[in-house]
Amino acid sequence: MTTPSALERPGGVPLSLRLAARLVLLPAVVLALLPPRRIRTVLGILRRGAAPATTSRAQEARDAMCAASLRCAGPKGCLPRSLGAALLCRLRGTWPTWCTGVRVVPPFTAHAWIEAEGRPVGEGVPEGYFARLVAVGPVARSTGR
């Protein structure tokens, strides 16, 4: 038996942001094919020099990825969606915390998401719903002292 479902694609995403999301979609899909260690290394390099993303900036990036790609909007598109949203934030000079981990409550499932200001962005779940296994956050800037 199947349950009917429909993907919800965000509306109101500006054309320029949708085009930028299309630009980062291919690199995000390619990154998603790499082993987790390599993804972490690449993202660790890309995050350098970026300011921490705000929740609103990270939500805009996530929405743009879902608007630009049915794959990212789908239930199994969490890895390319989260990678694409992080790359899109980076194009705009910020960096969210990119996370991958597992759902804490049964049944066990792996998941990838972005966080900003210490909270998951656009996931619609309570805090603590996911346990982080890998996280690549913004680099803290030194004060120069």
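**Salt bridges, a cavity and a helix face**

Five salt bridges are counted in this structure, which is a predicted model. Side chains of opposite charge can pair when their charged atoms come close.

One of these bridges joins the side chains of Glu60 and Arg92, with 3.1 Å from N to O. Glu60 belongs to helix α3, residues 55-68, while Arg92 sits in the loop between α5 and β2, so the bridge ties together parts of the chain that lie 32 residues apart in sequence. Glu60 has a relative accessibility of 34% and therefore counts as partly exposed. Arg92, at 31%, is also classed as partly exposed.

A salt bridge also forms between the side chains of Arg62 and Glu123, at 3.6 Å from N to O. This pair links distant parts of the chain, since Arg62 is in helix α3 and Glu123 is in the loop between β5 and β6, 61 residues away. Arg62 has a relative accessible area of 12% and is buried. Glu123 counts as buried too, at 17% relative accessibility; the cut-off for that class is under 20%.

The side chains of Glu127 and Arg119 meet in a further salt bridge, with an N to O distance of 3.7 Å. Glu127 is exposed, with 56% relative accessibility, whereas Arg119 is partly exposed at 47%.

Glu127 lies in the loop between β5 (119-120) and β6. Its C-alpha atom is separated by 32 Å from that of Leu19, and the two residues are 108 places apart along the chain.

Searching the whole structure gives one cavity of 30 Å³ or more, and the volume of the largest cavity is about 30 Å³. By residue class, the lining holds four nonpolar residues, one polar residue and three charged residues. Helix α5 and strand β4 (110-116) each contribute at least two of the lining residues. The most come from β4, which supplies three.

Ser82 is buried, with a relative accessible area of 3%. Leaving aside residues up to four places away in sequence, Ser82 touches Trp98, Ala112, Trp113 and Ile114.

Helix α2 spans residues 36-46, and within it Ile39, Leu43 and Gly44 are buried. Viewed down the axis of α2, the buried residues fall within an arc of 130°, so they line one face of the helix. An α-helix has 3.6 residues a turn, so residues three or four places apart point the same way.

Terms used:
Residues are numbered from 1 along each chain as its sequence is written. This is a predicted model: local features need pLDDT of at least 70, side-chain atom pairs count only at pLDDT 80 or more; totals for chains, interfaces and linings use all residues. Side-chain values use heavy atoms; hydrogens and water are left out. Buried means under 20% relative accessible area, exposed over 50%, partly exposed in between (1.4 Å probe, protein chains only). Helices (H or I, at least four residues) and strands (E, at least two) are DSSP runs, numbered from the N terminus. The arc is that of the directions from the helix axis to the C-beta atoms. On a 1 Å grid over the protein atoms alone, a cavity is a set of points where a 1.4 Å probe fits but cannot get out, and a pocket is an open set with protein on both sides within 12 Å along at least five of seven lines; lining residues have an atom within 4 Å of a point. Grid points are joined across faces, edges and corners, and a volume is the space filled by probe spheres set on the points. Ala, Val, Leu, Ile, Met, Phe, Trp, Tyr, Cys and Pro count as nonpolar, Asp, Glu, Lys and Arg as charged, and the others, Gly among them, as polar. Contact means heavy atoms within 4.5 Å. A salt bridge is a side-chain nitrogen of Lys or Arg within 4 Å of a carboxyl oxygen of Asp or Glu.
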